[in-house]
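Dear colleague,

I am passing on the structure we spoke about, and my notes on what was found in it follow below. Please read them alongside the sequence and the model.

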Amino acid sequence: MIVAEHLRKTFPGKGKDKTRVVAVDDVGFEARDGEITGLLGPNGAGKTTTLRMLYTLMQPESGRVLVDGRDVAADPEAARRALGVLPDARGVYKRLTARENIRYFGELHGMSPAAIAERTKLLSEALQMEDFLDRQTEGFSQGQRTKTAIARALVHDPRNVILDEPTNGLDVMTTRGLREFLKRLRGEGRCVIFSSHIMQEVAALCDRIVVVAHGRVVADGSTDAIREQAGRDNLEDAFVHLIGSEEGLHA
Amino acid sequence: MKALLIVWKKELLELVRDRRTLMLTLLFAPLLGPLLFLGLATIGESKAKEQMEKPMAVAIAGAERAPNLVAWLASQGIERKDVADPDAAIRSQAEDAYLRIGDDFGKDWREGKPALVEVVHDSTRHDADIPVRRLETLLGQYNQQVGALRLLARGVNPGVATPMAVSRKDLSTPEARSAGLAAMMLPYLLILGAFIGSLQLVLDTTAGERERQSLEPLLATPARRGAIVSGKIAAACSVGIVSLVLTLLAFRVGAAFAPGAAKQLAVGFGEMALMMLVLLPMVFLGGSLLTWIAAAAKSVKEAQSYTTVLILLPMIPTVILMVSPVKNQLWMFAVPFLAQNQMLLQVIRSEPVTAMQWGVYLVAAFGIAAAFWFAAIRRYHQERLAVSA
């Protein structure tokens, strides 16, 4: 269970313009266990920065994040232990095999070799990566790299999973496989948050959708609730309406 | 502590898998210095020997005015040769030096007045130094001989014209004497090797990790940033130490096969252990300083542009000491690069290093390394570090 409350984050302005850039203005939502929560928003809406605050890479200027009821600012290491994170940057070590990449993260999580081997077996079956598990990752396809990155993020069997645009650059078949995998995680009672700018994907998968635009939450609820809120039958229309009206406000 | 070991092990595993960088770090770099150094020493020595002993042909302007001198010089291995325009030949560097016999040489000689002989040369040309010195020495000898004969002919003991017998007594150790050239270059090569021996690995594990976008996932693990940075620095130091040992061994083996004075560099294993101890803090300083610098760079290329400047750093004390040699003072042992330079010289010259000097040196060197290590950890705590693009 992950709760975000009134998160705000700004960055120093570049160049002559010294006014601070507001990346996340006021974002708050609740992601429950056994549900997939989708963070939906256009490019530059502040999704990645929000997620970075969730996994303690950045500190919010105001607001707080609770993971399993504990404030992450109090003990960031414990929070990271309870989270499995696939960040926006998903580089793998190219001179290590996929298995060694996974093992490295397992060791950093303080796992025993036996436990790592067991989890690696489980994850590689679920993600269908047995045939390239023992190859050095140099020359991996985008899908193979993403699978490796997901497996190493989940090696420590975390209760909460955060994935930043996991389907970026993946083909249809791989995306379908990944979707099944996320449903499986939900079935295991985990709390899954994933961000995307692709509406169909969120609609196909999520129990709850949090729509973010210009660093603010503009809608929060089930697919039906969001359609209702926007007064549109079609989710895509609803999405455009929600973002568009917000842009109208700023103009 | 456990995370430190995990990071250390993984960085070294990656290095071992990367054959090209491994060769560059552990084979090429340690061998290049000794080869260059011993090669230069050998060439320099054989050239000096050649110029000192080989018969030399020198143009003598106005030779007909001093046939006895020319004949005597010929007996000492200085042949006479004809050059049309000797001044031009020296300027165009075709000739090293020539002798000009004064116009009134014969007249002055007969009258017992000092007769003019000029050694004409270009003092900015280093390779002319030895021929000029040879000519001057021979002319001085001839001068003395003839002067003594003249006094004898007048019934005077030549000894009265030499009220004092000035001579030098050299107290330097044979090791110190032979160390001339070595004293200049060797410390620089060794310090540089120790300082940037781990450069490739550091670039790869810090700036390279950011460039390949694998830093953000790493920082999302529960491992403490201090442990991660320390693991990376520990890997850099391990590589630096191996590289340093190989460099010292290469010098030892190379010097044993080199001819002449370079052979003197074949120091004993006791001295090698001392050199190792002197250079060890340099490895730590290099590892932590490079990590600190490279951590701020977004790409390996950017980091390289910062670190190339560092290659010049160890050169500064060597150059300053070349221009104005100074006596050892205690404060010098607290200044990085200068301290290593002085201590290596002391070891090469077989001079004892006092306990006080060791104390100041080790405390200062490890203190500075620790400061950069701490700065590198602080830098890894910055938020913008984790954001790759």
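This is a predicted model: local features need pLDDT of at least 70, side-chain atom pairs count only at pLDDT 80 or more; totals for chains, interfaces and linings use all residues.

Although B:Ala375 and B:Trp292 are 83 residues apart in sequence, their C-alpha atoms are 6.5 Å apart in space.

Chain B is divided into domain 1 (2-40 + 176-386) and domain 2 (55-157), and the centres of these two domains of chain B, taken over C-alpha atoms, are separated by 53 Å.

Chain A is likewise assigned a domain 1 (2-82 + 159-250) and a domain 2 (89-157), with 25 Å between their C-alpha centres. The contact between them takes 10 residues from domain 1 of chain A and nine residues from domain 2 of chain A. On the domain 1 side, the largest share, four residues, comes from helix H6 (residues 172-187) of chain A, and that side divides into four nonpolar, three polar and three charged residues.

As for the two chains, their contact takes 22 residues from chain A and 20 residues from chain B. On the chain A side, helix H2 (76-81), helix H3 (98-108) and helix H5 (142-153) each supply at least two residues, and the largest share, four residues, comes from H3 of chain A. The residues of this side of chain A divide into 14 nonpolar, two polar and six charged.

With best wishes

Terms used. Residues are numbered from 1 along each chain as its sequence is written. Chains are lettered from A and ligands numbered from 1 in the order in which they are written. Domain bounds come from an automatic or database domain assignment. Two residues are in contact if their C-beta atoms, placed from the backbone, lie within 7 Å. Ala, Val, Leu, Ile, Met, Phe, Trp, Tyr, Cys and Pro count as nonpolar, Asp, Glu, Lys and Arg as charged, and the others, Gly among them, as polar.
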